[in-house]
Amino acid sequence: MFIYRGICRISKTAANYNRCRWLYSSASHQQLSHYSRFTSPISTSHEVLGCRVNNFLISRPFSSGGPQPSYEGSSINDPVDPFSLVADELSIVANRLRAMVVTQVPKLASAAEYFFKMGVEGKRFRPTVILLMATALNVKISKPTSEGVVDMFSTELRTRLQSIAEITEMIHVASLLHDDVLDDADTRRGIGSLNFVMGNKISVLAGDFLLSRACITLASLKNTEVVSLLATAVEHLVTGETMQMSTSSEQRSSMDYYLQKTYYKTASLISNSCKSIALLTGQTAEVATLAYEYGKNLGLAFQLIDDVLDFTGTSTSLGKGSLSDIRHGIVTAPMLYAMEEFPELRTVVDKGLDNPENVDLALEYLGKSHGIQRTRELAAKHASLASAAIESLPENDDEDVQRSRRALIELTHRVINRTK
Amino acid sequence: MHGANHQIHHQSSSLVEDHLDPFSLVADELSLIGDRLRSMVVAEVPKLASAAEYFFRMGVEGKRFRPTVLLLMASALNVRVPEAFANTLGDDLTTELRMRQQNIAEITEMIHVASLLHDDVLDDAETRRGTGSLNVVMGNKLSVLAGDFLLSRACVALAALKNTDVVALLATVVEHLVTGETMQMTTSSDQHCSLDYYMQKMYYKTASLISNSCKAIALLAGQTTEVSMLAYDYGKNLGLAFQLIDDVLDFTGTSTSLGKGSLTDLRHGIVTAPILFAIEEFPQLREILDQGFDNPENVDIALEFLSKSHGIQKAKELAMKHANLAAEAIESLPETDDEDVRKSRRALVDLTQIVITRNK
């Protein structure tokens, strides 16, 4: 499968492209009609602000490629499904991840593998972004006499880029394992959390193990700048978690503090991974910054909508969401905006949200305020910034490159239009 | 930095007088590192800072054994820049190299303390049993977070060295520490009585850190693979010797007779080298082991078997064997005329003796 992709990049006829897409899209249990797979790449501001487009593609956050009907004459403006574009590569990455966290100590092995098991890997959002970015930045390698040599370069570079996806996932899962211990969480990704199933200590140790494996893989890339970037991301994750665990009243009411914390906890990893992709492909500093900006703004947009969904769930009205943030005393963007409109809300929050009455009161204020709407607007702003970063990339005629860039832009829409 | 400090440290009374005390050879540098470590773990969040600093406080750092070894190794491998180059340039390079090697010592300490904090994390059963359960739970969270904090600082410091081989080495150490601790948590009955399993676990838990950081010191100094392996071998054998004597002292304490030690290992059900040797002589001891040591009577019975056996002696002999291997590694280093280098190498060899003749 992988070789086909390499070949695809060299021969760029539409026919070949279609054949390649057919060949490397994996069979899926999802049966979809032709048009339902795609969503318009152009979204109006009307769609973005306030109203949620109820597109069932979006309501399935993870979609792998299904058997695709081939179509002739693909044009530049054809819509793309980001997840299916990289579906096969994602499988390769997932398999390699599972192989990487193997160890001789059985208990440690089952702990480390816990979230890499088939079916539990989550949305694989991060690896999708990273792999798409890899293609979007694909540097044209000048064609040598022998086509075989070009394949080799493409493959080796691509493997290194895939490593970034693997490293990022290991760091991410390590942080989830530790966070669950810190939060006394019972469930994660729809199954029992590891600390619940196997104990706190092994969860902590497994997290450390994943982190060390990530560092070893990182070191093997032999790029010290990339090592620095991802080490910084690790530090940011810890800083973000620390900020969350130890806010003073003052800090808890501050939007700036919240956005800073959100950057550390959510956006830093993806932004620095995107930047790493750029560095590994030898891009200029400007391009590397654009990749970084994409990741950062996408991450922030994602988190802001996450905050909204925690209140609204799958409906537009309040209180249908899981409300887990507020019940844990975590004050997020919608509430912070509401506090700006209703300063008395701050007193309620300070009194403590352990008390369900206070939660209800806070929700009332939120309902009266524009908190939800303003959060969506902020998310939309960041999503636009992310799109803009992609659009500012140096022009490139390659179809694969263009398609991946469209997919990255598509992701910015999905992130804000999703309902869960 | 190589201040000729001739004071004899009060602990090393068994040293021949014209040998310099290893610890005082690097005392000044150790202070420097201690201060830098304390400032590195400053955090804006007070609770976190006190948790992280806990092990770096003045006076609590222990003998600072690991950093001492690493600094001595750095000196022992210090290859002088050839006279052909301007001396000032040489000095700058030397100073920068020395800084980087000191960073290894700092990173190593951060990793070590992070692992201590994470090893202390208790499982749910234990947290719920405690009467001060809130404190215990908070203690857990602080342990996890403070450990993560130190690990992330170590990662950043490692990255700053801009040497990916060193990153790989010290990341491997973290993996080994975790593996060793998990092995300790999950030993089956068979593994409990296996000397091989025990030595493997000991390598992971104790020796890997010092061996790989010694190797990192060598790599930073641009040494050959052979020399790096000698540095590694020194660290590994020194670490193993240290732990084996630790095991003995847990039984004997400051006297040569049994039962005067704290017996913490045994009481926690941790079976160490002396007992493992005793089992070879008295297989019946294994049954006691399987029954567990919550029952204090079993502790007494085990001690009886131990004293009848040659367990203590064999453990000491094994320690000595490793100490000698460590000394050999130093003696195999490429010859040098540099007096400071030779002094440090002698100190490293002396350490191998200190490690096995110490009584606490």
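**Where the chains meet**

I started with charges and found four salt bridges across the interface of chain B and chain A; a salt bridge is a side-chain nitrogen of Lys or Arg within 4 Å of a carboxyl oxygen of Asp or Glu. One that I looked up joins B:Asp165 to A:Lys222, with the closest N and O atoms 3.2 Å apart. Helices H5 (87-119), H7 (133-160) and H8 (164-185) of chain B each give at least two residues to the side that touches chain A. The largest share of that side, 14 residues, comes from H8(B). My helices are DSSP runs (H or I, at least four residues; strands are E, at least two), numbered from the N terminus.

**Ground rules**

I noted that this is a predicted model, where local features need pLDDT of at least 70 and side-chain atom pairs need pLDDT 80 or more, while totals for chains, interfaces and linings use all residues. Residues are numbered from 1 along each chain as its sequence is written, chains are lettered from A and ligands numbered from 1 in the order written, and side-chain values use heavy atoms, leaving out hydrogens and water.

**How much is covered**

I counted contacts next (heavy atoms within 4.5 Å), and 38 residues of chain B are in contact with 36 of chain A. The area buried between the two chains is about 3,400 Å², with 69% from carbon and sulfur atoms; this is the accessible area (1.4 Å probe) that two parts lose on being put together, summed over both. B:Lys141, B:Thr164 and B:Glu175 supply 16% of what chain B buries against chain A, more than any other three residues.

**Chain B by itself**

I found 17 helices and zero strands in chain B.

**Two loop residues**

Is B:Gln223 buried or exposed? B:Gln223 counts as buried because its relative accessible area is 16%. I located B:Gln223 in the loop between H10 and helix H11 (225-252) of chain B.

Leaving aside residues up to four places away in sequence, A:Leu137 touches several others, including A:Ile277, A:Val287 and A:Leu393.

Methods: Buried < 20%, exposed > 50% of the residue type's maximum accessible area, 1.4 Å probe, protein only.
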